[in-house]
Amino acid sequence: MTAFLTVIILVFIAVAIWQMIKIFDLAQVGASNSQVANDQDNKLNAYLMIGFLIFIYAITIVCFVNWGDLPLMSNSASEHGPGIDNLMIISMVIIFIVQTITQFLLHYFAYKYRGEKGKKALFYADNNTLEAIWTIIPVIVLAGLIIYGLFTWTTIMNVNEDDDPLVVELYAQQFNWKARYGGNDNTLGKANVRLINLDNANILGVDESDPNAQDDVITTELHLPVGRPVLFKMRSQDVLHSAYMPHFRAQMNCVPGMITQFGFTPTVTTADMRQREAIVDKVANINNIRKEKSKELVANGEEALEPYVFDYLLICNKICGKSHYNMQMKIVVETQEEYDAWMAEQKEFKNSLIK
Amino acid sequence: MSTHADTHEHDDHGHHHKETFVTKYIFSQDHKMIAKQYLITGTIMGVIGVLMSLMFRMQIAWPEEPNVLFEALLGKWAPDGVMDADIYLALVTIHGTIMVFFVLTAGLSGTFSNLLIPLQIGARDMASGFLNMVSYWLFFLSSVIMVISLFVEAGPAAAGWTIYPPLSALPMAQGGSGMGMTLWLVSMAIFIASSLLGSLNYIVTVINLRTKGMSMTRLPLTIWAFFVTAIIGVVSFPVLLSAALLLIMDRSFGTSFFLSDIFIQGEVLHYQGGSPVLFEHLFWFLGHPEVYIVILPAMGLVSEIMASNSRKPIFGYRAMIMSILAIAFLSTIVWGHHMFVSGMNPFLGSVFTFTTLLIAIPSAVKAFNWITTIWKGNLQMNPAMLFSIGFVSTFITGGLTGIILGDSALDINVHDTYFVVAHFHLVMGISALYGMFAGIYHWFPKMFGRMLNKKLGYIHFWVTAICAYGVFFPMHFIGMAGLPRRYYTNSNFPLFDDLADVNVIITIFALIGGVFQLVYLYNFFASIFTGEKTVQNPWRSTTLEWTAPVKHIHGNWEGEIPHVYRWSYDYSKPGHDEDFVPQNVPLKEGEEELQH
């Protein structure tokens, strides 16, 4: 299939080159042999500049129409999420305006002022007023963006310990995630990779003698109660990883030898998020794609793909080795009762050790 | 401010000792030959780098499907034509390394700094021809080592071009972190030595060897760009060298600069007290200025080519110089924006957001000045001009998204996604490449005495322009959907299944764009031998290199070096019959040198 596709593309390209040389040849009739652009070249390329401007606008529109309504840009599931999304939208609008205008000026001027024999350009070397204008306008716009950005950033990064956040450790290793909860005392026991003991299943290197560690709970799924602030403490045992939770607009690297942190408050339960229109549409669309793909797979005697159900995910976003592309953990946001029920089923650290 | 370069003439000129094949073509000390050597080595590395990108793009679009190309090129790394996950990361890593350092640093800056600095300032050669030769051959050696590293048993370096430890430090973490990474580090250490020798030479040459009348404010913007680039290189490359040396110590001599508390494959390693974040600081202290080391020379070339082909002075010459200086200064205090989520103190994040967004101001000034330069011009649409306009276009498109990535709050969610890939490829990859192509089309006659074919040039530009947008514009959107970069396949995330189509479209554009570079390669190599012979000043430019004879002679000019009487942008100046006045033409009586 791929080979066939490649051949088709090569043939197409060969034909395209041939055609284009012909077009340029026709445009050259009567020109001298010189390889310096003449009036016909200027004209042809000037028109192509306008064509290219249209192409840029077209690709912008196509991209926004097809892929601009990404649920990941809206429908954030954390308290600080809408703040980031708003800032993102404002930035995008500014970018969009500047992009549209400057690309127009650039390509339109390239068209309008195409060279002609005998024409003379305007000797125009300087204008302090103009330059002051296009220094000051960006200064003002950027000052606004910087101030808004810094407020947003400070709000996100300043974790308020008075809110009594749920403390959860995210533990990264090649190529999976673990979560450790502080237990009833909401305090994590001390830990260091030097204390890892695979013989008694102390896989996170938790200090077995630390009283705070006894009721810690280690899980392979991350459950969070909705509406309660969570403070994540990140650790890694081997290489750099990055704990990326796109739906919550949250990310922090996990660094061997140090503990990093990030805090947020989940606001929408998994169940509620699955009901949202945008998510329902997205899931339906993905399942259609998977169904089509499954047909092909079944025809080849392979297993069909499982239907997709929406879940929040924690994914690794810092290159960490061979299976970097499959390092993920499911995140479940649920009501306090559901969370308590789930937590009650988990084993405490002291009981999880093999004696 | 005049210099004494021409007061102590090269007396031996005209009757110097006979050159052998070896001293003329191989161990040459002539800046023009060294420029060509840089260009051709850079081109070869570029072909390797682009080929790699096409391979991993095919893997992303059609994951885990057998591909004849993989089977032929990757050998044991693609059993039955299916690409291995390790080699995928290696391809991504080496592609980045080759394109950033070997093509866009050495290939771009090395070629044009060498070619243009002596010719445009009116010097017989570089300050030290010998160091210049050593610089090229160190670059060549580092290229050879980098290519050799592709063939080691456990695979080439695969920790990403940023080679963050511990992944890059521990052979047990990844196959490529063994011999492959050792060779990578050795190659880069040699590369840095080469770059430093080159940069010192450029700086000394620009300061000391300008011809009579060539004051700093009469210099073409190309020279300003090369000069400032060299200064940034001298300031920042040594820091990368120290990072590489410390990493070598950690890897081979048991030190713990970057490593601490590591448990891998069932055992605790002895490292204690180091920090990977320290490496990130050292790396990006070079890594970010490196972006400007790549883009400033391209900006210089584009400014020169735009003025010449618009038959108009560059608009705001002084503002252009000021913005180059501002960008250079700011570039050294923004590295932390690569590290917003590295675990660095969030307050530092605020500081780096502030400094980073400031860079948008001089960048905007430059963009508006280029647009004003073509306003009311008499645009000669030579291929070099098309690439220059293309440069401004991609620089704006790519640069604008920097406003998002430089904002720490927004970076949280798009960090290390395809949004970043799209951003930096447009703003520094494609733009710098356009700058390089523009330079090649413009100065090919100066280098080889022949012209490149313009029809092929047009085809090359238009297809490349469409494909560049086709590849990198949609890429922003898969990034905003949260797709992380450097994933071998996305098939483990049904969440991203609806992005598979976009990836196929991107890859098809990449393949077409990649294959069309063959048009350029053919044009380049065929024109060296069969291109139309050039006249002395084919583009009717004002700068000094076009006053030198077409045939290369050692020492650049027969007889005396021309003196300079005006700035380099007297295009369409009122009161002159021609629409350009070369720099070596004295002012007419009563004529004012307008710009000062």
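Predicted model: local features only at pLDDT ≥ 70, side-chain atom pairs only at ≥ 80, totals over all residues.
User: Why is helix 12 of chain B called roughly parallel to helix 16 of chain B?

Analyst: The axes of helix 12 (residues 383-400) and helix 16 (residues 454-480) of chain B come within 9 Å of one another and cross at roughly 10 degrees. Angles under 35 degrees count as roughly parallel, and therefore helix 12 of chain B is described as roughly parallel to helix 16 of chain B.

User: Which residues make the contact of helix 12 of chain B with helix 16 of chain B, and how many of them are nonpolar, polar and charged?

Analyst: Helix 12 of chain B contributes Pro383(B), Leu386(B), Phe387(B), Gly390(B) and Thr394(B), while helix 16 of chain B contributes Lys454(B), Gly457(B), Tyr458(B), Phe461(B), Ala465(B) and Ala468(B). Sorted by class, this contact has 7 nonpolar, 3 polar and 1 charged residues.

User: What makes helix 11 of chain B roughly antiparallel to helix 12 of chain B?

Analyst: Helix 11 (residues 360-374) of chain B packs against helix 12 of chain B at an angle of about 150 degrees, and their axes are 11 Å apart. The cut-off for roughly antiparallel is an angle over 145 degrees, which means that helix 11 of chain B qualifies as roughly antiparallel to helix 12 of chain B. The crossing of helix 11 of chain B and helix 12 of chain B is left-handed. On the side of helix 11 of chain B the contact is made by Ser363(B), Ala367(B) and Trp370(B), and on the side of helix 12 of chain B by Val392(B), Phe395(B), Ile396(B) and Gly399(B). The residues of this contact divide into 5 nonpolar, 2 polar and no charged.

User: How do you know that Ile512(B) is buried?

Analyst: Ile512(B), which is found in helix 17 (residues 500-530) of chain B, has 20 C-beta neighbours inside 10 Å. A residue is called buried if 20 or more other C-beta atoms lie within 10 Å of its own, and therefore Ile512(B), with its 20, counts as buried.

User: Which residues is Ile512(B) in contact with, leaving aside its neighbours within four places in sequence?

Analyst: With those neighbours left aside, Ile512(B) is in contact with Ile9(A) and Ile13(A) of chain A and with Val463(B) and Cys467(B) of chain B. Val463(B) is 49 residues apart from Ile512(B) along the chain, and the C-alpha atoms of the two are separated by 8.1 Å.

User: How many residues does each chain give to the contact of chain A with chain B, and which element of chain A provides the largest share?

Analyst: The contact takes 109 residues from chain A and 119 residues from chain B. The largest share of the side of chain A that touches chain B comes from helix 4 of chain A, with 15 residues. By class, that side of chain A has 66 nonpolar, 29 polar and 14 charged residues.

User: Where are cis peptide bonds found in chain A and in chain B?

Analyst: In chain A a cis peptide bond joins Gln174(A) and Phe175(A), with omega of about -5 degrees, and Phe175(A) lies in the loop between strand 1 (166-173) and strand 2 (176-181) of chain A. In chain B a cis peptide bond joins Pro165(B) and Pro166(B), with omega of about 5 degrees, and Pro166(B) is in the loop between helix 5 (129-148) and helix 6 (179-208) of chain B.

Notes:
Residues numbered from 1 in each chain as written. Chains lettered and ligands numbered in written order. Contact = placed C-beta atoms within 7 Å. Helix = DSSP H or I, 4+ residues; strand = E, 2+ residues; numbered from the N terminus. Nonpolar A, V, L, I, M, F, W, Y, C, P; charged D, E, K, R; others polar. Axes fitted to C-alpha atoms, helices over the stretch in contact; angles between N-to-C directions. Parallel < 35°, antiparallel > 145°, perpendicular 65-115°, else oblique. Left-handed = near helix turned anticlockwise from the far one by under 90°. Buried ≥ 20, exposed ≤ 12 C-beta atoms within 10 Å, placed from the backbone.
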